[in-house]
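Here are my notes on the model you sent over. Have the structure open while you go through them.

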Amino acid sequence: MDNESVIQISNLTKIYRDFWGRKKVRALNSLSLEVKKGEIFGLLGPNGSGKTTTLKLLLGLLFPSEGEIKVLGQPASNVEKNEHIGYLPEESYLYRFLNAEETLDFYGRLFKMSAEERRERSAELIEKVGLGHAKKRQLKEYSKGMTRRIGLAQALINNPDLVLLDEPTSGLDPLGTDDMKRMILELKAQGKTVLMCSHLLADVQDVCDRIAILYGGELKVMGRVEDLLKEQDETQILTSRLSDEAIKEIEQVVAKHNGKVGTIDHPTATLESLFLKTVQESKERPGQRFVPDTQEKKAAE
Amino acid sequence: MSFDPIPYDLFDALKHFLTVFGSTMFIALIVCLLVGVLTRGVKGIGDVFLGILDFFNQITHLSCRRIWSLSTLTIRESLRQKILFVFIIFAVLFMFAGWFLAGAADRPDLQIQSYIDFVLKAISWLVIPIILLLSCWSLPEDIRLRTIHTVVTKPVYRIEIVIGRMLGFTLLGSAILLVMGTVGYIWINRQVPESVQANLVSKVPIYGEIKFTDREGAPSAGLNVGDIWMHRSYIEGATKARAIFTFKDIDESDAINDELNLQSSFEAFRTHKGNMEKGGILYQFIFVNKDKGLRVDTAPLINKEYLENRLKINRKIMHESEDGKEKVEVDIFDDLVDDNGNLTIEVQCLEAGQLLGMARSDLYIRTPDHAFISGYSKAIFGIWLPMVLVIMLGVTISCFVKGPVAILTTMTIVLVGFMSKEYMAEILSGKMQASGAIEAWYRLITHMNSQTPLPDGPVKFMIQIVDMGIINFLWLCQQIIPNFGIFSNMREYVIKGFDVSWDAALLPGIVTVAAYILPCLIVSFYSLKLRELEAK
């Protein structure tokens with residue numbers, strides 16, 4: 001095995017069959033890909049493209065119809081490999097009658113962790129995912145966002161080398177999404193490998209080093225995010241706001257160099273950045289109304 | 001119920017287990033190899049053997065830590081599903097039971113029996129169904145809600161999930177049984193009137209072997225008086241007919257206050273009314289030691305019917321010498337027990353025209369009693385054993401079917417194992433005359449009586465072939481379905497005031513449960529191993 005490879009999938013095919021063995025659907029068709037150590041790899045695709053199936057095949061929850069899978073150098077069916085894997089399912093399938101502390105303690109016990117280690121790690125993770133205030137509440141009382149957070153905590157309880165995240169940001173508010181992305185990047189900084197699948201493209205773009213796009217169970221595109229998104233034939237210049245005269249002069253300069261101006265516009269901020277800024281301001285100045293940083297505000301000042 | 005505690009033949013049971021288990025495994029292996037070859041070619045054979053190795057690998061690498069963790073999860077889950085509400089039902093039952101059970105005040109022995117019967121039945125009828133529901137429902141729910149995904153993606157063997165569930169339910173059920181058993185014990189002690197508290201003991205009987213002789217003194221099987229229940233055989237009064245009981249390994253430790261205690265419950269069969277004022281038919285015990293040529297008879301005794309007759313015989317008996325001239329003192333344990341430790345007692349009916357019926361269990365030597373708690377705790381253990389068996393079956397079946405189906409299947413096995421096991425055994429052994437199901441159906445629709453032979457031809461051939469299949473299926477069911485009747489025997493012992501016999505009741509119960517451990521683990525292992533937990 002290549003030392004750098006954490007996941008190796010070759011010619012993986014998965015066919016779902018009915019009770020009588022008749023073919024129902026071909027969920028994956030000859031998928032081959034490789035995930036390197038220390039990278040964040042995104043599996044993209046519309047619903048039903050085979051992302052979650054791939055993840056479940058990697059975890060041994062499903063059995064391949066054809067092809068081969070190696071995870072951390074071992075076959076997917078090997079239970080011992082799970083010692084170094086963390087998994088966040090699409091819905092956080094956790095025991096709803098346990099509270100956050102009990103949940104992490106239970107999953108911690110399934111690894112070779114002492115009681116002291118479990119206690120420390122649980123406390124650390126509960127704080128990290130921002131559930132310190134709700135750690136004694138049963139999970140059935142949690143909101144979806146809180147369940148995702150505790151789901152992530154259980155995936156990280158064993159300090160895994162490989163983290164598999166199925167739709168990690170689904171159900172999270174923008175703040176939670178931002179936290180999740182930050183934590184994913186932290187994992188990368190710690191040298192861990194992350195394989196995530198999502199159909200929220202912006203989230204993937206923000207964190208992934210490489211992506212693969214699946215459609216109809218087949219691999220359509222794979223590569224580094226920046227390489228795939230780089231527009232080779234265009235140049236973008238971003239400046240502070242310019243007057244109409246200055247814009248005309250720029251157009252003349254571009255024309256002089258045989259260039260062609262596509263669009264010149266005054267871009268707006270994203271709704272996400274506005275939301276995050278509002279929440280941040282509200283935290284810092286409670287009780288005060290937040291005034292967005294608009295041209296009108298600048299003119300008034 | 002025939003209360004005839006027959007010692008359990010462990011070797012025979014082991015041989016039977018190995019035969020059934022071995023042949024089942026062999027057939028399963030052949031089927032797997034065939035399926036493997038048909039679906040995967042030659043590689044399939046290798047896969048089958050790898051699968052077998054995987055079982056041994058997992059079973060030898062079980063982690064107590066993980067199993068314990070899964071067990072505590074099971075317990076916590078059940079507690080938070082409010083299983084302890086069962087105690088409320090239990091408490092309500094006990095608060096009012098005394099009102100309805102006080103009816104037999106004229107027969108304190110029956111009253112004690114009804115109290116013990118009530119307590120033991122209440123406990124088993126409350127605990128076992130609840131545990132059955134929990135054990136059948138738990139794993140399918142885990143699969144349906146996919147919570148199992150977060151467990152099997154940790155370094156956990158699937159067999160550990162099964163064992164964890166089984167252990168968790170066993171611990172939970174044990175704790176419930178312990179509490180209920182303790183409450184029941186206190187309740188019985190408080191309910192039994194002071195005057196008959198002495199009857200609240202665990203009798204320790206020694207049963208012998210029984211043989212009969214006919215009116216001429218020749219060995220026979222005893223007389224049949226036409227009773228459909230052929231449990232007892234009869235001896236004719238005032239003849240040489242005897243019932244000969246031989247008790248093994250008898251010594252003076254079996255005496256109570258230097259007395260040999262004999263307890264009998266013979267049944268009389270009268271050919272004429274006789275003298276009813278005596279209160280029963282006259283009979284006599286004769287102690288026989290062939291080694292010393294001694295025959296020592298007791299004074300005539302009256303057999304009180306439908307009651308236990310307790311006879312306390314001082315170990316020193318005055319006995320007429322052979323010439324009848326002098327009285328000689330003999331010691332039961334020193335002189336009448338033979339060199340091999342056997343005590344032989346002949347029973348003779350003394351009244352002409354009357355018969356006395358008896359079976360092996362109708363005469364026993366009562367040795368020093370044990371405390372009531374001894375038998376009672378074993379009876380509680382007798383509830384614990386089927387509970388464990390139900391848990392094992394429930395969890396195993398729930399590995400391959402959904403919750404409601406698992407409940408129905410387990411319940412059917414328990415009911416068949418409890419009620420129909422002996423019936424099935426009688427059909428299969430040929431003791432019960434029965435035609436096949438299809439033949440019976442054919443006779444029914446053609447109005448043909450059971451004595452008329454079926455006409456020769458293809459119809460008869462087909463009927464016999466199908467019936468043979470059904471009988472073989474019945475045989476398979478009879479082998480696979482556990483005999484739950486074994487466990488209720490323990491309750492019967494205590495209700496009748498006995499300590500629970502180790503070799504006739506406890507050992508068969510323990511062996512029955514133990515026999516299902518490995519098959520249940522194998523079935524659940526392969527059910528979960530071959531199952532895609534994601535597949536719906």
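**Notes on chains A and B**

1. Start with Gly42(A), which sits opposite Ile211(A) in β9(A). These belong to a parallel pairing, with four bridges, between β3 (residues 40-44) and β9 (residues 210-215) of chain A. Strands (E, at least two residues) and helices (H or I, at least four) are DSSP runs numbered from the N terminus, and strands pair if DSSP finds at least two bridges between them.

2. Before going further: this is a predicted model, where local features need pLDDT of at least 70, side-chain atom pairs count only at 80 or more, and totals for chains, interfaces and linings use all residues. Residues count from 1 along each chain as written, with chains lettered from A and ligands numbered from 1 in written order.

3. The sheet in chain A is open, six-stranded and mixed, ordered β6-β7-β8-β3-β9-β10. β6 (85-88) and β10 (218-224) of chain A are its edges.

4. Now the contact between chains: 21 residues come from chain B and 22 from chain A, counting residues as in contact if their C-beta atoms, placed from the backbone, lie within 7 Å. On the chain B side, α3(B) gives the most, with seven residues.

5. Chain B has a mean pLDDT of 88, with 96% of its residues at 70 or more; pLDDT is the predictor's confidence in each residue, from 0 to 100.

Conventions
Two residues are in contact if their C-beta atoms, placed from the backbone, lie within 7 Å.
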